[in-house]
Every structure is written in structure tokens, then in C-alpha cells.
Amino acid sequence: MIRSHLRATLTPLTPIGEKRQQVLDSVSGIFEQNNTSLYDATLHAYEDMQTEGNPSHIRAIVVLSDGDDTVSVATLDQVIARITGSENEGGNAIKVFTIAFGEDADSDILKSIAEPSGGKQYDSLPETIQKIYDEISTFF
């Protein structure tokens, strides 16, 4: 599922298959507008995946961010508490992978979001982003 900064769903949580181009077009139409709701967006994606995702499938969220949050209602502590993997979920827990993007990206915040879920944090530059996505795909 992809959400815009206005929290509108750009595409529902379904297999990518035939809608691949629609997803690419939707993502390319999103532009930064000086306000970031990293914590709220992460929580919304996590909650959507819990309610709409199939727990028998591999479930993951990839967050590409500079780690800055300027307008969320939720706090970092609330995000961490909510996404911390549950022992009873085992391999079916939702993993959050974060990619720190930009010269001033706060990788510590992004690491604190990824690791409690069983995910991983990556640092990236435009020329390494594809390699990181390829590495994340090896988890599945």
C-alpha cells in the first residue's frame, strides 16, 4: 500500500502483478512539501498491513526517509512500542526496513524503527538505492 503525504491511499494493499506501472506512476507523482509525518505514516502502514495483509504471507514495510518528522501526532516511542515484533508471531511478524536517504539523514532514528520489528536499517545514496532494494528482497 502506498500513501501520500495526505494519507490518501494511492493503491490498495494487493499483489503488485498487473498494477506495477500504476504503482510506479503513483510513486513518481509524490513530491516532498516540507512537512514530514514519518511516525504517523509508518504506523498507518503497519496497521493497514495487520488488518489487510495475509498473516501467512511474508509482510514487510520499506520506509525511505531522511528520518525527520515534523508533523506527526504519534511519537517515536509510540511507533517503537507498536511495531516491536511479538514472539507469538515468529516469522509472520511484520518487518520494517528503513532506508536513510540524503546527506543529513538521521540513521539512528530509522534504525530505532527498523530493528524492533526484526527489520534492518540501510544508508543510501541515489547510486546505491537499487542495490539496497535488491538486498531487502533477499529476505523474502
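Helix pair. I began with α2 and α4, which are roughly parallel to each other, since their axes cross at roughly 20° and angles under 35 degrees count as roughly parallel. The model is a predicted one. I noted that the axes of α2 (residues 38–52) and α4 (residues 107–114) come within 13 Å. The crossing of α2 past α4 is right-handed.

Contact residues. I listed L38, Y39 and T42 on the α2 side, and I109, L110 and I113 on the α4 side. Sorted by class, this contact has five nonpolar residues, one polar and no charged ones.

Salt bridges. How many does a search of the whole structure find? I got three.

Entry one. E47 and R82 form a salt bridge through their side chains, at 3.8 Å from N to O. E47 is in helix α2 and R82 in helix α3 (residues 76–83), so the pair ties together parts 35 residues apart in sequence. I looked up accessibility too: E47 is partly exposed at 33%, and R82 is partly exposed at 35%.

Entry two. K111 pairs with E115, and their closest N and O atoms are 3.9 Å apart. K111 has a relative accessible area of 38% and is partly exposed; E115, at 46%, also counts as partly exposed.

K120 and E135 form a salt bridge with the closest N and O atoms 3.1 Å apart. I placed K120 in the loop between α4 and β5 (121–124) and E135 in helix α5 (residues 129–137), 15 residues apart. Is K120 buried, exposed or partly exposed? At 34% relative accessibility, K120 counts as partly exposed, and E135 counts as partly exposed at 32%.

Methods:
Residues are numbered from 1 along each chain as its sequence is written. This is a predicted model: local features need pLDDT of at least 70, side-chain atom pairs count only at pLDDT 80 or more; totals for chains, interfaces and linings use all residues. Side-chain values use heavy atoms; hydrogens and water are left out. Axes are lines fitted to C-alpha atoms, for helices over the stretch in contact, and angles run from 0 to 180 degrees between N-to-C directions. Helices (H or I, at least four residues) and strands (E, at least two) are DSSP runs, numbered from the N terminus. Angles under 35 degrees count as roughly parallel, over 145 as roughly antiparallel, 65 to 115 as roughly perpendicular and the rest as oblique. A crossing is left-handed if the near helix is turned anticlockwise from the far one by less than a right angle, and right-handed if clockwise. Contact means heavy atoms within 4.5 Å. Ala, Val, Leu, Ile, Met, Phe, Trp, Tyr, Cys and Pro count as nonpolar, Asp, Glu, Lys and Arg as charged, and the others, Gly among them, as polar. A salt bridge is a side-chain nitrogen of Lys or Arg within 4 Å of a carboxyl oxygen of Asp or Glu. Buried means under 20% relative accessible area, exposed over 50%, partly exposed in between (1.4 Å probe, protein chains only).
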